[in-house]
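I opened this model to look up a handful of residues and pairs. These are my notes, in the order I made them.

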Amino acid sequence: SSDVCSSDLVFFCQCGLGLEDAGLVRAMQRFGLSPSRPGEPFAACWQPAVPGLPTTAPRAVRDAPGKRAVTSLPDRSIGYGAEASPLHVARAYAAFATGALPTLGVRAEARPRVPQHDVVAELQFAERGLIACVDHGTGKALHRLQALGACGKTGTAEGTVAGPNNAWFAGYLPAT
């Protein structure tokens with residue numbers, strides 16, 4: 001129904017509150033958006049660079065000089081306080097779409113993938129929020145995405161204090 005989520009922001013804020021701080025940290029590690037130390041459960045998920053491509057490793061804003069640290073759990077659960085290249089965001093969404101986090105590279109060769117089979121129910125739950133974003137939330141204005149059955153999330157990449165912000169959408173086809 002259309003009242004599943006009056007806003008995709010509310011959905012993901014509630015998910016973050018349910019996960020609590022430690023769960024949100026684990027989710028960011030699982031999807032390659034935050035590092036794990038060697039030997040930790042999600043160490044295989046971390047790929048800070050893509051050989052042959054100039055990308056910046058994902059990082060917390062509090063690690064960035066001159067930026068305000070975001071400490072609120074609801075804010076962090078919707079992506080504030082994190083910086084990631086579009087390639088790293090696409091990699092995280094590939095895990096939702098395929099059930100495995102790919103290792104990125106520029107050469108056509110087989111690369112390892114980190115299976116997500118132990119969190120299928122959680123991925124399906126989060127996908128409800130991604131579908132709601134397109135059907136009822138901030139992505140609704142992107143009409144063609146709804147017609148295609150896409151699921152994904154809108155976002156904002158803040159510029160400098162004096163600079164402009166950039167809007168973006170990350171997602172995949174088809175929603176299952």
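I began with Gln-29, which counts as buried because its relative accessibility is 12%. I take buried as under 20% relative accessible area, exposed as over 50%, and partly exposed as in between (1.4 Å probe, protein chains only). Gln-29 sits in helix 1. I use DSSP runs for helices (H or I, at least four residues) and strands (E, at least two), numbered from the N terminus. Leaving aside neighbours within four places in sequence, I found Gln-29 in contact with Ser-34, Pro-35, Ser-36, Glu-40, Phe-42 and Cys-45. Contact means heavy atoms within 4.5 Å.

A note on the source: this is a predicted model, where local features need pLDDT of at least 70, side-chain atom pairs count only at pLDDT 80 or more, and totals for chains, interfaces and linings use all residues. Residues are numbered from 1 along each chain as its sequence is written, and side-chain values use heavy atoms, with hydrogens and water left out.

Next I checked Arg-30. Its side chain meets that of Asp-118 in a salt bridge, at 3.0 Å from N to O. This pair links distant parts of the chain: Arg-30 is in helix 1, Asp-118 is in the loop between strand 4 (113–115) and helix 4, and they are 88 residues apart. Arg-30 counts as buried because its relative accessibility is 11%. A salt bridge here is a side-chain nitrogen of Lys or Arg within 4 Å of a carboxyl oxygen of Asp or Glu.

How many salt bridges does the structure hold? I noted five. One of them joins Glu-83 and Arg-59, with the closest N and O atoms 2.8 Å apart. Glu-83 is in strand 2 (residues 82–83) and Arg-59 is in strand 1, 24 residues apart. Arg-59 is partly exposed, at a relative accessible area of 35%. I also looked at Arg-107 and Glu-109, whose closest N and O atoms are 2.9 Å apart in a salt bridge. Arg-107 counts as exposed at 56% relative accessibility, and Glu-109 is partly exposed at 42% relative accessible area.

Then I turned to the rings. The structure holds four aromatic pairs. Phe-11 and Phe-12 form an edge-to-face pair, 5.0 Å centre to centre with 75 degrees between the planes. Rings of Phe, Tyr and Trp (its six-membered ring) pair if their centres lie within 6.5 Å; planes under 30 degrees apart are stacked, over 60 edge-to-face, and the rest tilted. Both Phe-11 and Phe-12 are buried. Phe-31 and Phe-96 form a stacked pair, 5.1 Å centre to centre with 5 degrees between the planes. Phe-31 lies in the loop between helix 1 (8–30) and strand 1 (59–60), Phe-96 lies in helix 3 (residues 86–98), and 65 residues separate them. Ring pairs also link Phe-11, Phe-12 and Phe-125 into a cluster.

I stayed with helix 3. Its buried residues include His-88, Val-89 and Tyr-93. I saw that the buried residues of helix 3 pack against strand 3 (100–102), helix 4 (120–135), strand 5 (151–157) and strand 6 (166–172). Gly-99 follows helix 3, and its phi is positive, near 85 degrees.

Last, I looked up Ser-77, in helix 2 (residues 73–77). Ser-77 counts as buried at 13% relative accessibility. Beyond its neighbours within four places in sequence, Ser-77 is in contact with Phe-12, Cys-13, Gly-16 and Leu-24.
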